[in-house]
Amino acid sequence: MKLLEGAVDHGGSLGRAWALFPNASRPFVDLSTGINPHSYPLFDLPATTLSRLPEAARTRDLIEIAASTYGAPSPANVAAAPGTQILLPRVASLIAPGKALVLGPTYAEHARAAVIAGHEVTEVRDFAALADADLAIIVNPNNPDGRIIERDRLLALAAGLRAKGGLLVVDEAFMDVGPREHSLAGDVGQGGIVVLRSFGKFFGLAGLRLGFALSDAATVERLEAQFGPWAVAGPALEYGILALADIGWQDAMRASLTKASARLDALFGRFGVLVAGGTPLFRYLRLADAADLFSALGEHGILLRHFADRPHVLRAGLPGSELEWQRLESALVGWAARREDKSKGSKQ
């Protein structure tokens, strides 16, 4: 499937939700993103984080902690940025325009960024097809279905691409809650690999805008040169330093998210909704009447993620409070009753 540059629809837009469901109950329960609803605890910041330019020493502190937490070979293999989104076209521009292959279906911004960088972009469904790429892009775990590509397969692909001057980009935005043994963070020193890590999703602070590119030292220097000094804002530095070093919070949160995702599976299962994949931060749903479920929940002020090109699937994030769980359950009860009535009517 050939991909062209253009507007990309995303989850997380409450303005769009209000336009779609103007009479819905408020506030919206936004389950359309894969962002942790239980954010890292907020804390008071010194006024100087806003009144002064960030100190280079604090950036170095952040990069050192990120390298340790993510398992990069060294701090020289980590570049910090104001979110991974801004990194996408820059990473795609690391090699000359050529054939970019994206393993899909997946997060659409990778294809758009590769087009911006001048590549001829195609989405492929077969992992083996990526060997023909100059630039190969994989999201691992995948968004929205949670698909995992094993580390040894990724390393073999990277070796083949590296031999011909190509590049493998692995977006590990959800690897904080994924099988970390399949991360390539520790392998980036080999060259020809860029790993992207997102801070905001797992730590529930997406508005902070913080992300990282992990690669060989020369590639990291190229990326950092594009940003210049003060790439990461003072508040993001302070939250990143504290949260990435807080291994106890991270371990406890992983356990909590795993429990919550199992609860969500059980809830959807009660109403015959197949959970076909996902990660502990989101579930991938497959059903024939997905559009009806999306609309029914939206009318109750509960927003799921739907996909215009995949009308039979939805993605659901985690409710953030018991009240949100109750609202979701109540809306599902109403949807199931309406579906049953329709089924009876069609048989008469």
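Some ground rules. This is a predicted model, where local features need pLDDT of at least 70, side-chain atom pairs count only at pLDDT 80 or more, and totals for chains, interfaces and linings use all residues. Residues are numbered from 1 along each chain as its sequence is written, and side-chain values use heavy atoms, with hydrogens and water left out. Helices (H or I, at least four residues) and strands (E, at least two) are DSSP runs, numbered from the N terminus.

Stay with H10. Its 24 residues should span 34 Å at 1.5 Å a residue, and the end C-alpha atoms are 35 Å apart, so the two agree. That expected span is 1.5 Å times one less than the number of residues. Buried residues in H10 include Trp 249, Met 253, Leu 257, Leu 264 and Phe 268. Buried means under 20% relative accessible area, exposed over 50%, partly exposed in between, with a 1.4 Å probe and protein chains only. An α-helix has 3.6 residues a turn, so residues three or four places apart point the same way.

What does H10 lie across? H10 lies across E9, E10 and E13, at about 20° to E10. Axes are lines fitted to C-alpha atoms, for helices over the stretch in contact (heavy atoms within 4.5 Å). Angles run from 0 to 180 degrees between N-to-C directions.

Those strands belong to an open, antiparallel sheet of 4, ordered E9-E10-E13-E12. E9 and E12 are the edges, each with a single partner, so one side of each lacks a neighbour in the sheet. Strands pair if DSSP finds at least two bridges between them. E12 and E13 are joined by 2 bridges. Arg 305 has Arg 315 as its bridge partner in E13.

Now the other sheet. It is open and mixed, with 7 strands in the order E2-E8-E7-E6-E5-E3-E4. E2 and E4 stand at its edges. E5 and E6 pair in parallel over 5 bridges. There, Ile 138 stands opposite Val 170. H3 packs on this sheet, touching E2, E7 and E8, at about 120° to E2. H6 lies across E5, E6 and E7, at about 145° to E6.

Last, Thr 84. Thr 84 sits in the loop between E2 and H4. Is Thr 84 buried or exposed? Thr 84 is buried, because its relative accessibility is 13%. Beyond neighbours within four places in sequence, its contacts include Leu 196, Arg 197 and Phe 212.
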